[in-house]
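Reader: Please show me the model, and I will ask how its labels were reached.

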Amino acid sequence: MSIAVVGMIAGMALGFAGYFGGFGAFLLVAALGALGFVIGRFLEGDLDPGDFFRTRDNRRR
């Protein structure tokens, strides 16, 4: 499945949530979608936990 199709499905889900559930449902679906995206990237190996928990003194230059 291409990125465009996944984006279209996500947009449709957010649209339905916003239309039928209001703005609160829209925000909930968007937040859960973002969380699912990050978890999926962790499981695929594209992200490391250190990417989020690195201190400012330890940054790459």
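Predicted model: local features only at pLDDT ≥ 70, side-chain atom pairs only at ≥ 80, totals over all residues.

Reader: What makes up the chain, read along the sequence?

Author: The pattern is α-α-α, with three helices and zero strands in the chain.

Reader: Why is Ile9 called partly exposed?

Author: Ile9 sits in helix α1, which covers residues 3-21. The relative accessible area of Ile9 is 44%. Buried requires under 20% and exposed requires over 50%. The value for Ile9 falls in between, so the residue is called partly exposed.

Reader: How much of the chain counts as buried?

Author: Buried residues, those under 20% relative accessible area, make up 2% of the 61 residues. The accessible surface of the chain comes to about 5400 Å², and carbon and sulfur atoms account for 67% of that surface.

Reader: Which helices line the largest pocket, and what is its volume?

Author: The volume is about 360 Å³. Helices α1 and α2 (23-44) each supply at least two lining residues. The largest share, eight residues, comes from α2.

Reader: How do you know which residues belong to the lining, and which lie nearest the centre of the pocket?

Author: A lining residue has an atom within 4 Å of a pocket point, and 14 residues line the largest pocket. Val6, Gly7, Ala10, Gly33 and Phe37 lie nearest its centre.

Reader: What classes of residue does the lining hold?

Author: It has nine nonpolar, three polar and two charged residues.

Key
Residues numbered from 1 in each chain as written. Heavy atoms only, no water. Helix = DSSP H or I, 4+ residues; strand = E, 2+ residues; numbered from the N terminus. Buried < 20%, exposed > 50% of the residue type's maximum accessible area, 1.4 Å probe, protein only. 1 Å grid on protein atoms, 1.4 Å probe; cavity = no way out; pocket = protein on both sides within 12 Å on 5 of 7 lines; lining within 4 Å. Points joined across faces, edges and corners; volume = space filled by probe spheres on them. Nonpolar A, V, L, I, M, F, W, Y, C, P; charged D, E, K, R; others polar. Areas by Shrake-Rupley, 256 points an atom, 1.4 Å probe, with all protein chains shown as cover.
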